[in-house]
Amino acid sequence: QQDNAMSPHSLWDFAANYTAALCSQDPARVAASFSDAGSLTVNGDEPAIGRAAIEQVARSFMNAFPDLHLVMDELELQAHHPVYRWTLTGTHAETGRPVAISGYEVWSIDDDGLIETSRGHFDADDYARQLAGDDRASG
């Protein structure tokens, strides 16, 4: 049986395009990286299922950070699942505070080369501290 996994080069290109979509202020471009019935879960919350729901999640981050900039820190395979590691920087629209958080997404890629599931994680406590203007280091 043939493995439908993306080549490392294709996966890298896909992740680079996903990063550009996240920085684009175009939530539909982010959602287009997902399959029609794809799902995005952030920190174990209820999953956003389908492109419209994923577009809403992307829009909420883009609205919160009008100057959102995201960089891909690393892309690796763990147990046949790509792990996309990122760092987000931006100015929080509501508080005016600068934020820098890192996180990762564990992806399942479908046969069409789109994200079927993304399980995202970031340090919510660190994020909350930065929004509150608490500069004390965590730990």
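Q: Which element gives the most to the lining of the largest cavity?
A: In this predicted model, α3 gives the most, with five residues.

Q: What makes a residue count as part of that lining?
A: A lining residue has an atom within 4 Å of a cavity point. For the largest cavity, 20 residues line the space, and the closest to its centre are Tyr18, Leu22, Phe61, Trp86 and Glu105. The elements that give two or more residues are α1, β1, α3, β4, β5 and β6.

Q: Why is this space called a cavity?
A: The term applies to a set of points where a 1.4 Å probe fits but cannot get out. The count comes to one cavity of 30 Å³ or more, and about 290 Å³ of space lies in the largest cavity.

Q: What is the make-up of the lining by class?
A: The lining of the largest cavity has 16 nonpolar, three polar and one charged residues.

Q: What makes β2 and β3 edge strands?
A: The open sheet of six strands has the order β2-β1-β6-β5-β4-β3, with mixed pairing. β2 (48-49) and β3 (69-78) each have a single partner strand, so one side of each is left without a neighbour in the sheet.

Q: Which strands does helix α1 touch?
A: Helix α1 (residues 8-22) packs on the sheet and touches β1, β3, β4 (81-91), β5 (98-109) and β6 (115-122).

Note on methods: Residues are numbered from 1 along each chain as its sequence is written. This is a predicted model: local features need pLDDT of at least 70, side-chain atom pairs count only at pLDDT 80 or more; totals for chains, interfaces and linings use all residues. Side-chain values use heavy atoms; hydrogens and water are left out. Two strands pair if DSSP finds at least two bridges between them. Helices (H or I, at least four residues) and strands (E, at least two) are DSSP runs, numbered from the N terminus. Contact means heavy atoms within 4.5 Å. Axes are lines fitted to C-alpha atoms, for helices over the stretch in contact, and angles run from 0 to 180 degrees between N-to-C directions. On a 1 Å grid over the protein atoms alone, a cavity is a set of points where a 1.4 Å probe fits but cannot get out, and a pocket is an open set with protein on both sides within 12 Å along at least five of seven lines; lining residues have an atom within 4 Å of a point. Grid points are joined across faces, edges and corners, and a volume is the space filled by probe spheres set on the points. Ala, Val, Leu, Ile, Met, Phe, Trp, Tyr, Cys and Pro count as nonpolar, Asp, Glu, Lys and Arg as charged, and the others, Gly among them, as polar.
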